[in-house]
Structures are given as structure tokens and as C-alpha cells.
Amino acid sequence: MSCVQTIADYALRSIGIGERLLPRSDFTLCQQFTLIGSGLIWNLYFAFLALLAGFFLANALAVAKTSPSRWLRKPADWFIFLFRGSPLFIQFFLAYEALVMLPRAGIEILGITIETSWLTRAWAGALIVLILNTTAYSAQIFHGALMSVPKGDIEAADAYGLTGWHKFRRVTWPTMMRLAWPSYTNEAIFLFHATTLVFFSGFPAFQQKGDSLYYASYFADKTFNPFVAYPIVAGYFIICTLILIGLFGIANRRLNRHLPGAVKRLKYRPQLVR
């Protein structure tokens with residue numbers, strides 16, 4: 001089988017398109033690159049949706065954490081402490097055990113039983129855990145940036161007559177984002193790397209069409225050689241991380257566009273002589 005045919009058969013296998021049976025013998029580099037790359041679709045799925053949902057939830061939590069109302073501030077504090085204080089790996093297992101119990105117990109609303117077994121699947125259950133985890137970490141980052149907004153910016157907004165939502169949207173929030181963005185970039189990278197834990201979490205893959213680590217483990221078990229499949233996974237993640245850094249760098253330059261000379265392009269200057 002040629003490499004082109006292999007790509008056509010397996011490039012989208014992780015989402016149910018193409019050849020259903022995995023190769024059983026004579027494993028080639030093309031097969032490993034193709035199937036592991038196919039599994040990467042699920043890692044990107046987890047990372048993109050978790051970042052998207054977590055970003056908005058984290059903003060809400062950061063604002064709630066600064067609220068003078070105890071009923072808003074305390075739940076936000078407890079949520080952030082709970083998910084930042086416990087390991088993500090443990091959160092996966094606890095969530096899986098909790099979600100497994102829901103289908104067994106059954107949920108009835110107005111006499112109608114609600115189907116909840118889909119929550120035990122990786123595409124839903126694991127995604128929920130990732131969203132909650134990144135929300136807690138991002139909220140703490142945004143809260144720190146919100147507390148660091150220069151007092152002069154707030155006074156200038158007051159002088160222009162901005163109040164309430166208009167002041168937050170036009171002055172406070174953009175400044176908060178500008179201050180928080182470098183740290184939030186690190187959180188985005190961490191979250192993307194954390195998607196590999198879904199493979200070990202207990203949440204079953206969708207019809208046995210797993211993520212990149214699922215296929216890497218398959219090839220490592222069949223060939224008894226982990227030094228090919230796992231470096232391929234690492235290579236894919238390094239490439240995606242560089243793309244992620246580039247995208248967040250564009251957003252960072254956008255946020256700092258009003259500061260002349262504040263944003264400089266990164267230059268690689270190796271220190272050849274100490």
C-alpha cells in the first residue's frame with residue numbers, strides 16, 4: 001500500500017471516516033504518522049472547545065471574585081481553589097466515577113427519564129473536566145490582572161464619564177487582557193498538553209477512535225518499539241504548540257497595538273560565549 005493510499009484510508013479514521021480496521025502487520029512510518037495525526041484531531045477538539053468555553057467562564061469568575069457580594073465572591077473562591085488545588089488526573093477519575101453513577105440512577109424531569117450515558121464518553125465527560133480545570137486557572141490569572149489594572153486608567157475613564165459596563169468593556173477589560181495575556185498563553189499551552197491525559201482518564205473513546213496517544217500506544221504495543229510512535233506524538237505537539245504561540249502572539253500584538261515599541265518580535269540569539 002502506497003503512502004498516498006494510506007493517508008486516504010486513515011487520515012480521518014479518528015472521526016469515523018475511512019478504513020475501520022487498523023493495520024495488523026508490516027507497520028510503516030507513513031501509517032504511524034497518518035494515524036497519530038488523525039488522532040490529533042481529538043486533541044485539537046478538546047483544546048479548542050475547552051479554551052473557548054473556559055475563556056468566557058474565567059472572565060465571569062474573575063469578575064465574581066472581585067465582587068463586594070459575598071454570594072458571588074465566595075463560590076468563585078471555592079471553585080478556583082478546588083480545581084487549582086487538586087491534580088487534573090484525579091479530577092478525571094472523580095468526574096468519571098460521578099458521571100457513571102448518573103446513568104445508573106437515572107434522572108427524571110416531569111416523569112421523563114433523561115438519557116445521561118453520553119456524559120461517560122470522552123468527547124463530553126472529559127471535555128467538561130478540561131473546561132472546569134482551565135476555567136479555574138484562567139480565572140486566577142484574569143483576577144490577578146484585574147487587580148493590577150492601573151488606577152490612572154480607571155480615573156481617566158471616570159473623567160470621561162464612563163461608568164458601569166461601558167467602563168469595563170472599553171477600559172478595564174482590555175487592560176486586564178493585555179496584562180494577563182502572556183500568562184494566559186502559558187495556560188493555553190498547558191491545557192493543550194493536558195489533553196493527552198484523556199487517554200488515561202477512564203473515559204472511553206468514541207467508538208474506539210481515540211486521540212493521538214491512543215494510536216501511539218497501539219503502535220508501541222504492536223511493534224514493541226516506543227521510540228518511534230511517541231516521538232511522533234511529541235513532534236506533532238511541538239508543531240501545534242508553535243502554531244498556538246504564533247496565534248496568541250498575534251492577539252498579544254493586537255492588544256498592545258496602542259503602545260509604540262511595546263511589542264517586539266522574538267529573535268533567536270544563541271549565547272555562544274559565556
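Predicted model: local features only at pLDDT ≥ 70, side-chain atom pairs only at ≥ 80, totals over all residues.
Me: What makes C3 and C30 a disulfide?
Reply: The criterion is a pair of cysteine sulfur atoms within 2.5 Å. The sulfur atoms of C3 and C30 are 2.1 Å apart, so the pair meets the cut-off and is called a disulfide. By this rule the count comes to 1 disulfide.

Me: Why is the disulfide of C3 and C30 called right-handed?
Reply: The torsion about its S-S bond is about 85°, and the disulfide is therefore right-handed.

Me: How do you know whether C3 is buried, partly exposed or exposed?
Reply: Buried means under 20% relative accessible area and exposed means over 50%, with partly exposed in between. C3 has a relative accessible area of 40%, so the residue is partly exposed.

Me: Why is C30 placed in its accessibility class?
Reply: The relative accessibility of C30 is 15%. The limit for a buried residue is under 20%, and C30 therefore counts as buried. C240, with a relative accessible area of 16%, is buried as well.

Me: What makes a set of residues here the largest nonpolar core, and which members touch the most others?
Reply: A nonpolar core consists of buried residues of the listed nonpolar types joined through side-chain atoms within 4.5 Å. The largest such set has 40 residues, of which F46, F92, L130 and F142 touch the most other members. Two or more residues come from each of α2, α3 (70-85), α4 (88-105), α5 (122-147), α7 (164-194) and α9 (226-255). The largest share, 10 residues, is that of α5.

Me: Which residues does F46 contact, leaving aside its neighbours within four places in sequence?
Reply: Contact requires heavy atoms within 4.5 Å. With those neighbours set aside, F46 is in contact with A122, W123, A126, L127, L130, T195 and V198. There is also a second, separate core of 18 residues, which includes L22, I36, L40 and F237.

Me: What makes the lining of the largest pocket nonpolar, polar or charged in class?
Reply: The lining has 16 nonpolar residues, no polar residues and no charged residues. Those closest to the pocket centre are F48, L51, L244, L247 and F248. The pocket has a volume of about 440 Å³. Helices α2, α7 and α9 each supply at least two lining residues, and α2 provides the largest share, 7 residues.

Me: How many helices and strands does the protein chain have, and in what order do they run?
Reply: The chain has 9 helices and 2 strands. From the N terminus on, the order is α-α-α-α-β-β-α-α-α-α-α.

Me: What share of the protein chain is made up of buried residues?
Reply: Buried residues make up 39% of the 274 residues. Among contacts with a separation of 6 or more, 75% are between residues 24 or more positions apart.

Technical notes:
Residues numbered from 1 in each chain as written. Heavy atoms only, no water. Buried < 20%, exposed > 50% of the residue type's maximum accessible area, 1.4 Å probe, protein only. Helix = DSSP H or I, 4+ residues; strand = E, 2+ residues; numbered from the N terminus. 1 Å grid on protein atoms, 1.4 Å probe; cavity = no way out; pocket = protein on both sides within 12 Å on 5 of 7 lines; lining within 4 Å. Points joined across faces, edges and corners; volume = space filled by probe spheres on them. Nonpolar A, V, L, I, M, F, W, Y, C, P; charged D, E, K, R; others polar.
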